[in-house]
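I opened this model to go through its sheets and helices one by one. My notes are below, in the order I looked things up.

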Amino acid sequence: MKTATNIFVLLLILFSVWALLTPTIKIGGFERGGTKDLGMKLGLDLAGGTHVVLEADLTQLAPGQDPGEAMDGAMKIIERRTNAFGVAEATVQRQPAGNRVIVQLPGVKDVGQAIKLIGQTAKLDFRKQKLDETGQVVLDELGEPVWVPATGTMDDKDVHLTGAFLKPNSFVELTPTTNQPIVHFEWNAEGAQLFKQITTELLNMPLGIFLDNELVSDPVVRAVIEDKGIIEGIKLDEARLLAIQLNAGALPIPLKVVQQEDVDAFLGADSLKRSLQAGVVGLGLVMLFLILYYRLPGLLASLALLYYGALLLAIFKLLPVTLTLAGIAGFIVSLGMAVDANILIFERMKEELRGGVPLRGAIDRGFSRAWTAIRDSNITTFIACVVLYWFGSQFAAGQVMGFAVTLFLGVAVSMFTAVTVTRRLFGLALGAGADQTALYRI
């Protein structure tokens with residue numbers, strides 16, 4: 001059992017170091033990392049981003065529609081779109097008693113792309129060419145076909161087929177032959193019923209696919225289709241945005257951009273560098289204190305702290321967790337708790353040794369008797385993290401939520417390293433002959 005645990009601890013640290021030193025990790029559809037900052041995602045205060053203010057046109061609301069509910073719905077859809085786009089720690093806030101929404105997107109430098117992502121309605125609908133009495137296509141003054149809504153019958157009523165009938169599972173795929181992107185979509189039961197009627201009516205005739213009143217493509221219907229379809233003829237970036245927008249749903253009210261700007265990192269690269277230097281110096285001083293005061297146990301605890309740091313940063317990169325200044329604070333607080341756990345264990349060990357218990361027995365009792373205090377302390381911290389995260393979510397305070405997440409993960413990892421890893425290191429030290437009590441500062 002001990003050998004299996006040792007192997008697991010060794011493999012875990014090797015995997016963590018590999019994850020941190022590999023700039024970009026790609027495994028199938030899983031992709032994490034980048035070429036800067038160990039591939040970590042940095043928040044608005046550390047990496048900058050985009051700040052956009054949107055204003056809702058409440059005059060476009062349907063009669064009887066509640067403005068507050070419409071604004072809340074718009075905010076939820078914007079949050080879903082930014083999350084699906086991979087923008088973590090995005091801030092979406094509504095101005096009190098107003099019709100404006102403030103959106104801050106960490107790491108997004110292209111303002112135009114950000115506006116496309118959060119502000120477009122992505123209203124999808126299907127149309128057919130208008131025919132005259134002789135069955136010929138009616139043309140407009142420019143010689144282009146006139147399109148009219150493609151409708152089907154439902155409950156004895158003509159219903160226009162639109163994106164409102166889509167399931168939220170649209171996705172982008174590159175065609176193997178042309179390498180061009182296509183967006184797959186699937187209808188719900190009502191949409192499938194309408195699509196079947198429409199493709200039956202338009203066999204060997206074009207079906208117009210319109211996005212925000214612009215013709216995207218007009219494929220010729222070759223078979224009766226019921227539940228699925230594709231959109232082609234658009235660029236890859238546009239296809240990806242469209243899939244996100246279709247899955248998130250259309251905005252319930254029109255939003256227009258009234259302010260947009262790039263946001264520089266609040267701290268700046270130099271401040272970030274100095275903060276990291278201060279962190280390294282602080283960690284070095286803590287390790288020096290542990291070694292001088294506790295001798296061999298201090299050295300083993302220091303090694304466990306390095307293990308803890310590598311493992312936690314690898315988790316931050318793989319999830320990924322967006323690091324803000326508050327998130328780094330959560331990481332440092334959890335580091336202190338990892339040290340506290342080791343000190344509790346060492347003091348228990350010293351008490352056992354002073355009581356005449358042999359070294360190996362004192363080490364076992366030290367870990368077992370300190371465990372309850374470590375467990376109870378960390379559980380209360382977990383509860384505090386959950387409360388902090390809930391509190392932050394109520395006020396869209398991303399930094400409070402980030403602090404809670406990093407602290408929760410840090411404390412969870414510190415429990416593992418302080419108890420399991422440090423104990424394995426004690427076993428290795430004893431196996432190497434380090435069994436003189438003088439090494440344990442009694």
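Predicted model: local features only at pLDDT ≥ 70, side-chain atom pairs only at ≥ 80, totals over all residues.

**Entry 1**

**Entry 1: the four-stranded sheet**

I asked in what order the four strands of the open sheet run. I read E5-E6-E4-E16, with antiparallel pairing. Next I looked for the edges. Strand E5 (91–94) and strand E16 (255–263) stand there. Each has a single partner strand, so one side of each is left without a neighbour in the sheet. I also took the twist, which averages 15° from one strand to the next.

Then I went to the pair E4 and E6. Strand E4 covers residues 49–56 and strand E6 residues 100–106. I found seven bridges joining these two antiparallel strands.

**Entry 2: Asp-110**

I followed the chain out of E6. Asp-110 sits in the loop between E6 and helix H4 (111–119). The class follows because buried means under 20% and exposed means over 50%.

**Entry 3: the three-stranded sheet**

I moved to an open sheet of three strands. The order is E11-E12-E15, and the pairing is antiparallel. E11 and E15 stand at the edges. Each of these has a single partner strand, so one side of each lacks a neighbour in the sheet. Direction ignored, neighbouring strands here are turned by 35° against each other on average.

Pro-181, Val-183 and Phe-185 point one way from E12. Ile-182, His-184 and Glu-186 point the other way, and both sets are buried.

Partners of E12 came next. On one side, four bridges join it to strand E11 (residues 171–174), antiparallel. Here Glu-173 stands opposite Ile-182. The E11 and E12 hairpin has six residues between the strands, and Asn-179 in it takes a positive phi near 60°. E12 also pairs with strand E15 (residues 228–232), antiparallel, over five bridges. In that pairing I noted Gly-229 as the bridge partner of Phe-185. I also noted Lys-228 in E15, opposite Glu-186.

I looked at strand E9, residues 151–154, for its two faces. Gly-152 and Met-154 form the covered face. Thr-151 and Thr-153 form the uncovered one. Four bridges join E9 to strand E10 (residues 157–160), and the two run antiparallel. The partner of Thr-151 in E10 is His-160. Two residues lie between the strands of this hairpin, and Asp-155 takes a positive phi near 55°.

**Entry 4: helix H1**

I checked H1, residues 2–21, for length. Its 20 residues reach 29 Å from first C-alpha to last, close to the 28 Å expected. Which residues of H1 are buried? I listed Thr-5, Val-9, Ile-13, Ser-16, Ala-19 and Leu-20. They cover an arc of only 130° around the axis, which puts them on the same side of H1. The face of H1 turned away from the buried side carries exposed Thr-3, Leu-11, Leu-14 and Leu-21.

**Entry 5: helix H8**

H8 spans residues 296–318. I found 23 residues and a reach of 33 Å, close to the 33 Å expected. Of the 23, 18 are buried, so H8 is largely enclosed by the rest of the structure.

**Entry 6: H9 against H10**

Last, I looked at helix H9 (residues 325–354) and helix H10 (residues 359–394). They pack at an angle of about 145°, with axes 7 Å apart. The crossing of H9 past H10 is right-handed. I sorted the contact residues into 13 nonpolar, four polar and four charged.

Notes
Residues numbered from 1 in each chain as written. Heavy atoms only, no water. Pairing = 2+ DSSP bridges. Axes fitted to C-alpha atoms, helices over the stretch in contact; angles between N-to-C directions. Left-handed = near helix turned anticlockwise from the far one by under 90°. Nonpolar A, V, L, I, M, F, W, Y, C, P; charged D, E, K, R; others polar. Expected span 1.5 Å × (residues − 1). Buried < 20%, exposed > 50% of the residue type's maximum accessible area, 1.4 Å probe, protein only. Arc of directions from axis to C-beta.
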